[in-house]
Amino acid sequence: MVHNIGRMLFGKNAGGNEALPLEWQQFKVLDDTTLYQDNTLTMTSLNRPLPGVRLDRPGDLAVSGCEWHISPLGRSYFVNHSTRTTSWKKPIPERPAGSLMPECIIEGHSRCIWSLVCVGTSCNILSASDDSSIRQWKIDGQSVGKPLDSHKTPTGSVAVSPDDTMVVSGSTDGRLRLWNIKKGSVVGDPWEGHNGQVMCLDWSPNALEIASGSNDGTIRRWNPDTGQQIAPPIEAGHGWVYTVKFSPQGDKFASGGEDSMIRVWSKNDELLIEIKGHDSDVTSLCWSKDGAYIFSASYDCTIRKWQSIGGKELVVFKGHDNGVHSLYLSPDQSHLVSAASDCSVRIWDLQINQPVGDPLLHDDGLLTVGMSPDGKYIASAGIDAKVYIWSMEAALKRCPIRPRDVR
């Protein structure tokens, strides 16, 4: 199930690895289905890794005509029927001639990047990786300071404080850690409470609390000054909680997860509304600045726009060929940017609800996308452990609007 990258356990700390090849693990999801993961490639399969068994489903891999298998020695390999070749390396989609190239490609992480965020007026980028580090970069790719080392624990999510001085991270060990960005050092002890890996984080607009979601099924709220929980955990009902986002007004927050639902909660943890419409896991959420609308991404390959009060579905954006993992609303709210397992970033014009420009292409599946606060640059990252920087202006000049893919 290659398209369900977000369901994967980042890192190697899951149980149930008996008789599996080295660097593989297995885990269960909401419907009690067992998935098998190759940690070296960050790929999952419904099928147990055995020689002679095809591990992908037709259409899962970005390159058509390819299959994923495992050798008798337990190493993944790929068969390309189009070229009649076999390789240890996952096939990379061919980039069409004339495709827009990134302004720069930032390399430094050794494993996939699960989360990134752009920091304030500096436009610096923080990236969190399965290699257990958080790194800071300038927009031109220059490294800033030393990597933040999360004590050999893979880091799956980061969120920056509203004043851009602190970053909170969440890891496979269920702990949250607070960091001083300027000093590059951890603040205090890890925060404990979750019984599973931390999948998502968000900082409230007033900076007084942090929300976290986990594959233990709970949402927890924390006081960033003390590292203590400020309310009992919320049993969210999602199974795995992939995304949690405060409204810009800070009076409520929304969550999404494995059960395909969006739930909106009051500051008192009261469930205000359940929104149903996606056909698969909800992976990412963002709010309009006035709090009137919620945008959501899903493994069902769609992005949707909803009224936050009443939950009415307003728009379904279609165009990605595989699961969508991350969304970002541009600072001026004119465009929505999405990143997906189909190795592309897409830009959507919210005035006409249409995709614009060419897809921005990576060499592997994407997990996270963000924008600089001035709206000039897009940052995207994923399985190939690289951060790509794109010019928004150059992307919007590429080609005319395609009048399709929106209902």
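Which residue in β5 is the bridge partner of C66?

Reply: The bridge partner of C66 in β5 is N80. This is a predicted model, in which local features need pLDDT of at least 70 and side-chain atom pairs count only at pLDDT 80 or more, while totals for chains, interfaces and linings use all residues. Residues are numbered from 1 along each chain as its sequence is written, and side-chain values use heavy atoms, with hydrogens and water left out.

The pair C66 and N80 belongs to an antiparallel arrangement: β4 (residues 66-70) is joined to β5 by five bridges. Strands here are DSSP runs of E, at least two residues, numbered from the N terminus, and two strands pair if DSSP finds at least two bridges between them. Five residues lie between β4 and β5 in their hairpin, where G74 takes a positive phi near 90°.

β5 itself spans residues 76-80, and four of its five residues are buried (under 20% relative accessible area with a 1.4 Å probe, protein chains only). β5 is also joined to β6 (residues 85-87), again antiparallel, through three bridges. Within that pairing, V79 has T86 of β6 as its bridge partner. The hairpin of β5 and β6 has four residues between the strands, and R84 in the turn shows a positive phi of about 55°.

Elsewhere, β1, β2 and β3 form an open sheet in that order, with antiparallel pairing. Its edge strands, β1 (24-28) and β3 (43-45), each pair on one side only.

The largest nonpolar core has 15 residues; V337, V345, I347, L360, V369, I378 and W390 touch the most other members. Such a core is a set of buried Ala, Val, Leu, Ile, Met, Phe, Trp, Tyr and Cys residues joined through side-chain atoms within 4.5 Å. β33 gives the largest share, three residues. A second, separate core of 13 residues includes C286, A297, F317 and L350.

On confidence, mean pLDDT (the predictor's confidence in each residue, from 0 to 100) is 90 for the protein, and 92% of its residues reach 70 or more. Where pLDDT is low, the predicted coordinates should not be read in detail.

Conventions
Buried < 20%, exposed > 50% of the residue type's maximum accessible area, 1.4 Å probe, protein only.
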